[in-house]
Amino acid sequence: MTPTHSPGRLAIPSLPTVLDAFNHAPSDEARPLLLDCLRSLRWAERVVAHRPYPTVDALLAAADEAAYDLTVSDLSEALAAETLLALPDGAYSAAHMAMDAAHAAYEARFGHAFVICLDGLAPAEALDHVLAGIRSRLTNDPEEERVVAAEELRRIARGRLVSSLRGAGTGHHEPTPGT
């Protein structure tokens, strides 16, 4: 008879991961995690429906694919839930005025909050990056801006999802998201 395992080796069952918990959670428990990442019910439903995911990367790819398929209505739903970027502590009042004016101009032109992903950007660079982004994107026509905003939301959702999973202990490392 042949041994089924090498002598001196114990068969250690693998510990459940955050991904395992997400894959096996009831839809009503998994959906809120996703809606915290992107406020599109259709997006969340699609990501939940395609479980189980074999890896975190597979989950992120599915989240990306679902985000690429956002309809105009889905995008409007997600954008309506986004809030203005918070300025870092100690930002001077002129920065607040510039940000408020830029956001007001953007919202007047496009009808929703400005979204931009700040993953990998130093906090000290965020204000300049946001203001430059608003100025640049104010020249877009509404359809072009819808495409840009959808891509920014996809990147933001991906970063939030990574942060949610990392915060729960997956060990998967990617830049921290920002909006």
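Modeller: H103 is buried, because its relative accessible area is 3% (buried means under 20% relative accessible area, exposed over 50%, partly exposed in between, with a 1.4 Å probe and protein chains only). The residue lies in helix α6 (helices are DSSP runs of H or I with at least four residues, strands are runs of E with at least two, and both are numbered from the N terminus). Leaving out residues up to four places away in sequence, H103 touches L84, L85, F114 and I134 (contact means heavy atoms within 4.5 Å).

A word on the model itself. It is predicted: local features need pLDDT of at least 70, side-chain atom pairs count only at pLDDT 80 or more, and totals for chains, interfaces and linings use all residues. Residues are numbered from 1 along each chain as its sequence is written, and side-chain values use heavy atoms, with hydrogens and water left out.

Now the wider fold. The chain has 8 helices and 0 strands. Of its 179 residues, 39% are buried. Among contacts with a separation of 6 or more, 63% join residues 24 or more positions apart.

Next, the core. The largest nonpolar core holds 49 residues (such a core is a set of buried Ala, Val, Leu, Ile, Met, Phe, Trp, Tyr and Cys residues joined through side-chain atoms within 4.5 Å). L34, W43, V47, L59, V130 and L161 have the most contacts inside it. Two or more residues each come from α1 (18–24), α2 (27–37), α3 (41–49), α4 (56–68), α5 (72–80), α6 (93–110), α7 (123–137) and α8 (142–167). The most come from α8, with 8 residues. In soluble globular proteins, nonpolar side chains tend to be buried together.

Take L161 from that group. Setting aside neighbours within four places in sequence, L161 contacts L33, L34, C37, L59, L60 and A63. C37 counts as buried because its relative accessibility is 1%. C117 also counts as buried, at 4%. The whole structure has 0 disulfides (a disulfide is a pair of cysteine sulfur atoms within 2.5 Å).

Now α2. Its buried residues include A30, R31, L34, L35 and C37. These cover an arc of only 140° around the axis, so they sit on the same side of α2 (the arc is that of the directions from the helix axis to the C-beta atoms). The face turned away from that buried side carries the exposed residues D28, E29 and D36.

Then α5. D74, L75, A78 and L79 are buried there. Down the axis of α5 they fall within an arc of 130°, so they line one face of the helix. Exposed S73 and A80 are on the face turned away from the buried side.

V72, L75, S76, L79, F110, H112, P142 and R146 line the second largest pocket. On a 1 Å grid over the protein atoms alone, a pocket is an open set of points where a 1.4 Å probe fits, with protein on both sides within 12 Å along at least five of seven lines; lining residues have an atom within 4 Å of a point. α5 gives the most to this lining, with 4 residues. The space in this pocket is about 150 Å³.

One backbone detail remains. The peptide bond from R51 to P52 is cis, with omega near 5°. P52 lies in the loop between α3 and α4.

How values were computed:
Points joined across faces, edges and corners; volume = space filled by probe spheres on them.
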